[in-house]
Amino acid sequence: MKNIKKRGQISIFIVLGILIVAVVIFTLRTNIFVKQATPIVLEPIKEHVENCIREKGFEGIEKLEKQGGRIYLDDGLLMYQTGDTKIAYWYDDFINIPSVNDMEKELEKYVEENIDNCLNFKKFEDYSIDVIDDVKVKATISDKVNFDVRYPLDVWRNDKVYKIS
């Protein structure tokens, strides 16, 4: 009789162990991440920055499309010009097709160099906003274009400082 009780208790612990392992594996496989919540007082600033990133990102993508996969056209490239638009040829004695990595780097550079032209923190009169570091952009081109942007800010309001990155 004692052996049956012990086997029954062991079975319960084995089942619980399997359930715990399954939950851990499921959690890791579904990549559940807790996103840091932005305080409500910072939402207008966060939205303004995100809109500028989106605007400059679309501008960069449009230039890539119009200029044969390049934003910055080197003088050494053979180009066709129509109106204000220059299009880089992909072949001139050698094949010069920009790789996806090249296009991602050009998009990153474009957003980093042009985001300040879009941002206007003066319209947030109730806030004091300090840019802590240069903007850092990581662009990824797959089925869609994603921008991962780090733009660290200190935002002061009512003698309280908030950090955004």
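Of the 165 residues of the protein chain, 28% count as buried, where buried means under 20% relative accessible area, exposed means over 50%, and partly exposed is in between, with a 1.4 Å probe and protein chains only. Please keep in mind that this is a predicted model: local features need pLDDT of at least 70, side-chain atom pairs count only at pLDDT 80 or more, and totals for chains, interfaces and linings use all residues. Residues are numbered from 1 along each chain as its sequence is written, and side-chain values use heavy atoms, with hydrogens and water left out.

Let's start with the layout. The chain has three helices and seven strands; helices are DSSP runs of H or I with at least four residues, strands are runs of E with at least two, and both are numbered from the N terminus. Going from the N terminus, the order is α-α-β-β-α-β-β-β-β-β. What share of the contacts with a separation of 6 or more comes from residues 24 or more positions apart? That share is 54%, with contact meaning heavy atoms within 4.5 Å.

Now to a pair of helices. Two packed helices are described by the angle between their axes and the distance between the axes. Here helix α2, residues 43-66, packs against helix α3, residues 100-118, at an angle of about 135°, and the axes are 8 Å apart. The axes are lines fitted to C-alpha atoms, for helices over the stretch in contact, and angles run from 0 to 180 degrees between N-to-C directions. That angle makes α2 oblique to α3, because angles under 35 degrees count as roughly parallel, over 145 as roughly antiparallel, 65 to 115 as roughly perpendicular and the rest as oblique. Who makes the contact? From α2, the residues include H48, C52, I53 and L64, and from α3 they include M103, L107 and Y110. By class, the contact has ten nonpolar, four polar and four charged residues; Ala, Val, Leu, Ile, Met, Phe, Trp, Tyr, Cys and Pro count as nonpolar, Asp, Glu, Lys and Arg as charged, and the others, Gly among them, as polar.

Let's zoom in on one residue of α2. Is L64 buried or exposed? L64 is buried, at 8% relative accessibility. Leaving aside residues up to four places away in sequence, L64 touches G69, R70, I71, M103 and L107. L64 and E106 are 42 residues apart in sequence, and their C-alpha atoms are 8.6 Å apart.

On to the charged side chains. How many salt bridges are there? The count comes to eight, a salt bridge being a side-chain nitrogen of Lys or Arg within 4 Å of a carboxyl oxygen of Asp or Glu. One of them joins E108 and K138, with the closest N and O atoms 3.9 Å apart. This pair links distant parts of the chain, with E108 in helix α3 and K138 in strand β4, 30 residues apart. E108 is buried at 8% relative accessibility, while K138 is partly exposed at 41%.

R157 pairs with D126, at 4.0 Å between the closest N and O atoms. R157 lies in strand β6 and D126 in the loop between α3 and β3, so the pair ties together parts that are 31 residues apart in sequence. R157 is partly exposed at 23%, and D126 is exposed at 55%.

K163 and D154 meet at 3.0 Å, N to O. K163 is exposed at 64%, whereas D154 is buried at 12%. Back on the α2 side, E55, K56 and E59 are linked in a network of salt bridges, and these residues also take part in the contact with α3.
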